[in-house]
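Q: Please take a close look at one part of this model. I would like the packing geometry first, then the charged pairs.

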Amino acid sequence: MTAKKRVGVLISGRGSNLQALIDASQAPDYPAELVLMISNVLGAKGLDRAAEADIRTCVIDHKNFGSREDFEAEMETALNEASVELLCNAGFMRILTEGFVTHWLNRHINIHPSLLPAFKGLHTHKRVLDTGAKITGCTVHFVRAAMDDGPIVVQAAVTVSPDDTEDSLAARVLEAEYKLYPHALKLVAAGEVRVEGEHVVGMTPEAGQTVLFSPPLPDTL
Ligand code: GRF
């Protein structure tokens with residue numbers, strides 16, 4: 001097997017997607033290893049998860065910096081020191097500058113809890129419920145300067161139930177996220193997908209075609 005890609009993860013909070021990546025990356029044939037986790041929030045729960053898994057952690061609190069550029073320069077130093085090749089945002093709540101995004105172009109992915117390009121931004125599940133949408137889901141995409149924007153790697157569709165609350169819907173989408181994010185990172189790390197003209201294309205017939213359905217589609221409607 002070719003060398004595993006060295007991955008850095010950026011978080012701000014709970015880190016349950018980080019946990020899914022940690023769990024997946026324990027498999028011997030997984031093409032990525034998590035070598036650094038940066039949190040911009042002191043005390044974020046994700047820090048404990050990374051420490052538990054013996055992943056190097058580092059807190060870089062944006063509040064200690066006078067500008068976004070200075071904050072990002074500190075992150076770049078840490079990422080460089082750990083020889084990070086690919087970056088994953090996992091609940092990372094900072095807007096990144098064009099300069100940072102360009103430096104990591106097509107080597108940097110994010111997970112968002114909706115079927116992009118619908119419902120970008122915060123309070124996603126509440127807005128989904130407000131519209132009466134019957135299907136929502138989650139998306140892993142390459143990061144671009146605009147929020148929740150960029151070439152889509154993979155998506156999972158999740159049904160909305162009539163009695164869903166914001167919390168119940170979030171929980172169901174999260175279950176799909178935990179499958180989708182490790183799968184997306186595998187595709188990217190193994191070079192099974194690449195960006196062409198701002199679309200992600202699969203290098204094999206299967207690679208670009210993954211769509212998860214939760215619950216699975218019935219045979220007949
Ligand atoms: C997830 O729903 C993710 O899609 C979004 O932020 C949430 C982070 O949750 N970007 P966690 O920190 O991974 O538990």
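A: What follows covers a helix pair, then salt bridges.

This is a predicted model; local features need pLDDT of at least 70, side-chain atom pairs count only at pLDDT 80 or more, and totals for chains, interfaces and linings use all residues. Numbering starts from 1 along each chain as its sequence is written, and side-chain values use heavy atoms, without hydrogens or water.

Take helix α1 (residues 16-25) and helix α6 (residues 166-189). Helices are DSSP runs of H or I, at least four residues; strands are runs of E, at least two; both are numbered from the N terminus. The axes of α1 and α6 come within 9 Å and cross at roughly 50 degrees. Axes are lines fitted to C-alpha atoms, for helices over the stretch in contact, and angles run from 0 to 180 degrees between N-to-C directions. α1 and α6 are therefore oblique to each other. Under 35 degrees is roughly parallel, over 145 roughly antiparallel, 65 to 115 roughly perpendicular, and the rest oblique. On the α1 side, the contact (heavy atoms within 4.5 Å) uses Ser16, Asn17, Ala20, Leu21 and Ala24. α6 brings Leu174, Glu177, Tyr178, Tyr181, Pro182 and Leu185.

Now the charged pairs. The whole structure holds eight salt bridges, each a side-chain nitrogen of Lys or Arg within 4 Å of a carboxyl oxygen of Asp or Glu. Arg144 and Glu198 form one of them, at 2.8 Å from N to O. Arg144 sits in the loop between β6 (135-142) and β7 (152-159), Glu198 in the loop between β8 (193-196) and β9 (199-202), so the pair ties together parts 54 residues apart in sequence.
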